[in-house]
Amino acid sequence: MPKTLIKSRLKAFNLQQGRCIYCELPVWLENPEAFARKYKITTKQAKFFQCTAEHLKAKQDGGKDTVSNIVAACHYCNQKRHKCKSPKDPIPYKHYVTSRVNIGRWNFGMSGIGSCNVAGRINF
Ligand SMILES: [Zn+2]
């Protein structure tokens with residue numbers, strides 16, 4: 001992974017207080033075991049919460065690896081977005097993810113771990 005991208009991902013992670021831009025669930029950068037212990041899930045489940053760098057403007061459209069174009073997203077949201085035949089833009093995708101999280105139908109029902117409400121309050 002290019003250095004700029006690694007730096008941007010770390011910045012985005014800190015800016016978002018260690019949460020995914022889409023589902024707002026906590027994500028991890030280095031230690032899946034500690035994450036799994038903290039949220040009482042398995043290490044295998046924790047893999048879906050790995051922090052990935054998401055390009056707001058896609059690379060093929062000229063999007064850069066700079067922090068203004070990079071957000072932190074969990075592996076699950078990132079993968080789901082790019083699996084679509086025509087990936088949704090970040091904002092409509094965020095609305096879609098939020099609605100799924102709210103009914104508990106996201107990330108294998110693990111959306112209960114450290115979920116946020118719409119006002120941005122954190123409920124652990
Ligand atoms: Zn997510």
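A: Let's start with a term: a nonpolar core is a set of buried Ala, Val, Leu, Ile, Met, Phe, Trp, Tyr and Cys residues joined through C-beta atoms within 7 Å. "Buried" has its own cut-off: 20 or more other C-beta atoms lie within 10 Å of the residue's own, while 12 or fewer makes it exposed and anything in between partly exposed, with C-beta atoms placed from the backbone. Bear in mind that this is a predicted model, where local features need pLDDT of at least 70, side-chain atom pairs count only at pLDDT 80 or more, and totals for chains, interfaces and linings use all residues. Residues are numbered from 1 along each chain as its sequence is written.

Now for the core itself. The largest one has 24 residues, and those touching the most other members are Cys-20, Cys-23, Ala-72, Ala-73, Cys-74 and Cys-77. Helix 1, strand 1, strand 2, helix 4 (75-83) and helix 5 (90-102) each supply at least two residues of this core. Strand 2 gives the most, with five residues. (Helices, H or I with at least four residues, and strands, E with at least two, are DSSP runs numbered from the N terminus.)

So let's zoom in on strand 2. Five of its five residues are buried. Ile-70, Ala-72 and Cys-74 sit on one side and Val-71 and Ala-73 on the other, and both faces are covered. Its partner is strand 1: the two pair in the antiparallel sense over five bridges, where pairing takes at least two bridges found by DSSP. In that pairing, Thr-52 stands opposite Ala-73.

Pick out Ala-72 and you can see how much meets there. Leaving aside neighbours within four places in sequence, Ala-72 is in contact with Arg-9, Ala-12, Phe-13, Gln-16, Cys-20, Ile-21, Val-27, Cys-51 and Ala-53. Contact here is between two residues whose C-beta atoms, placed from the backbone, lie within 7 Å.

Some of those names lead us to helix 1. Its buried residues are Ser-8, Arg-9, Ala-12 and Phe-13. They cover an arc of only 140° around the axis, so they lie on the same side of helix 1; the arc is that of the directions from the helix axis to the C-beta atoms. These buried residues pack against strand 1 (51-55) and strand 2 (70-74). Over on the other side of helix 1, Lys-3 and Asn-14 are exposed.

What comes after the helix? Gln-17 belongs to the loop between helix 1 and helix 2 (32-39), and it counts as exposed, with 10 other C-beta atoms within 10 Å. Lys-40 also has a positive phi, near 55°; this residue lies in the loop between helix 2 and helix 3 (43-46) and is exposed too, with 8 C-beta neighbours inside 10 Å.

Finally, step back to the whole chain. The protein has five helices and two strands, following the pattern α-α-α-β-β-α-α along the sequence. Of its 124 residues, 28% count as buried.
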